[in-house]
Amino acid sequence: MGITGRLALRNLARNRRRTLLTAMIISLSLTALMFTDALIQGMTDTMVRSATRLYSGDAQIHHRDFLARQDESRVIDDPEAVLEQLAREPEVAGFAARTLAFGMVSSAANNRAVQVVGIDPEAEAGVSKIAGAMIAGDYLSEAGPVTQLLIGDRLAELLEADLGDRIVVSVNNQLSEAAEQQLFRVSGIFHLNARAMDENLAFIRLPEAQSMMGLDGAVHEIAFNLTSASLATDTSLGLWQRLSNDRWVAQGWTELMPQLATMLQLTNSSTIIAGIVLFILAGLGVINGLFMSIYERTYEFGVLLAIGTRRRQLFKLIMTEGLILALGAIVIGLILGVLLITWSASVGIDYGSMEVSGVALAEIIRPQHRFMQYSALPFWVLVMTLVACIYPAIHAARIVPAKALHKSL
Amino acid sequence: MSSVIETRDVSKHYGEGDTLVKALDRVSLGIAPGEFTAIVGPSGSGKSTLLQLMGGLDNPTHGQVHLANKDITQMSGRELSDFRRDHIGFIFQAYNLIPVLTAAENCEYIMLLQGVPEAERRERVYAMLERVGLAGREGRFPHQLSGGQQQRVAVARAMVSRPDIILADEPTANLDSQTGSDLLDMMHDLNRNEGMTFVFSTHDPMIMERASRLIRLKDGCIDSESEREA
Ligand SMILES: Nc1ncnc2c1ncn2[C@@H]1O[C@H](COP(=O)(O)OP(=O)(O)OP(=O)(O)O)[C@@H](O)[C@H]1O
Ligand SMILES: [Mg+2]
């Protein structure tokens, strides 16, 4: 090893506690950055999945005017053609047609304005999680009676209704333009762990909904999932065009839920800002640690310069100390980061029933590894450390030997 | 014979206005090869300042310093660094050594900067450490050596790079009189047998006794000078 490396290593070993503390600042910053990224990844994933895979689906097809006007007469009147096209798309993992009606449910005790959704039980199970979210009774079945009705647990509480209780559902009939009422019985109660859904949704079978609303085979919405949730944000996919025409339009969740997309973007930017703040703090810590070690050695640097060390060589010495410190600290930080992410991913972080902008973090969050945590993050931490070293190194190289040696000479 | 070092009208002022200190005031002095010279004078008279300027550790306020027939006050920082490395040996009062390097490594350091090949470096270091009475202690770190031994390593380091002159600022001030006397004998020996030129700044009567030339400073000026048969 060259004399610079040898000097640098031994100098670092000299004040072990300070070296360790400075290294810890670097290591822990890296670990914190890695973990934050992993957590945000996990959280985003969970949030998008709760938002889309619980009920809405990764994407939906509607009549072009349906969402903007909330007009129940704007329907997809030829759903079969769209469903056939969906079946041909390789990126589509599951799809289900729905009718949506702004309606009223009344129990003996109470009534509530809710969204009454007509679903095809089998197809719906391939898109949303309702079938798996039943906490009482059964999911809708083709074989069962026409009066089957699913409500959320919160709605059941508000209606003071229990399994088997009678509920009157009323919706608007598009043909007669009059209210249409029919008697249902609570056949199942679900819990999606999302307040908006558990309180405001009621499911009946599609044919009953269509006949009550006078829709004659038409639907309002066709929800579908993609083979990978991230495809929903890929606007370059051909399927968006193929599934849209001048009457209906297929949209991914970022278009359907712009608030969620904005919030995720905000989360990303706040992570970046927090990262930058962390960087600056860690940089200041490194500068401080190096300065302390340089002030202590002013006399020694005076000697080194006096006996013929060039200023550039002294600068190189301090930078080498910083480089060794950074590399060691990064290795420690990486190990801590891998352990922390792996451990927290296996245990999972339970946010309970916390809702973020109306979307429940229904599932346990599992921080996720990704390549940049092991490449870009350590690289930037290394750059940060070396940048932080420059100032102390210049300071050391500028020492005037006569002044530094004044005590003796 | 021409001088190893020559100062011409060298002054060094610190501060300005009311706080102006004339640490050195128009000092002209030549050091001939083979001298064993002591600069003496009361505290604050400018002894250390004079050595610093002669060694190119600082620039004079005015005047010139010639070393090996070059005016070192005109040199760039890098030229001056290399010049100090190749032509001047320094010995300070204490803490001369780099604490993380062994005795041998401390001596080797300057030769490393000079680019002396490894085999030659080792040979010269070991011979020189033996010469100053430290054979067998080459691998010790400074904190494992006594004050007197540390100063011997400093002498060895200054000698081993074969400078034109060694400037020593109160090298015995931190040592007891016996250790100081031994160190001085050793340097005197190097002066007589190897012809190394030494300039000391000192309050130590032992150095004054052995010196071939005594320069007395007072308030930054040469007060008197005397030479003596060695
Ligand atoms: N860096 C400096 N800044 C300001 N004044 C200084 C500086 N260095 C030396 N001086 C002043 O210059 C004068 C000469 O100092 P110098 O150290 O050369 O004296 P000295 O003869 O070596 O004294 P001593 O015997 O105590 O070592 C003193 O008055 C001192 O205070
Ligand atoms: Mg002095």
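**Aromatic rings**

Tutor: A:Arg98 lies over the face of A:Tyr55, at 4.4 Å from the ring centre, where a charge sits over a ring if NZ of Lys or CZ of Arg is within 6 Å of the ring centre and within 35 degrees of the ring normal. The model is predicted, so local features need pLDDT of at least 70, side-chain atom pairs count only at pLDDT 80 or more, and totals for chains, interfaces and linings use all residues. Residues are numbered from 1 along each chain as its sequence is written, chains are lettered from A in the order in which they are written, and side-chain values use heavy atoms, with hydrogens and water left out.

A:Tyr55 also belongs to one aromatic cluster with A:Phe190 and A:Phe203. Over all chains, the structure holds 11 aromatic pairs (rings of Phe, Tyr and Trp, the last by its six-membered ring, pair if their centres lie within 6.5 Å; planes under 30 degrees apart count as stacked, over 60 as edge-to-face and the rest as tilted). The rings of A:Phe224 and A:Trp240 have their planes at 40° and their centres 6.3 Å apart, so this pair is tilted. At 0% relative accessibility A:Phe224 counts as buried (under 20% relative accessible area, with exposed over 50% and partly exposed in between, for a 1.4 Å probe and protein chains only), and A:Trp240, at 9%, counts as buried.

In chain B, B:Phe90 and B:Phe92 form a stacked pair, 5.7 Å centre to centre with 15° between the planes. B:Phe90 is buried at 3% relative accessibility, and B:Phe92 is buried at 0%.
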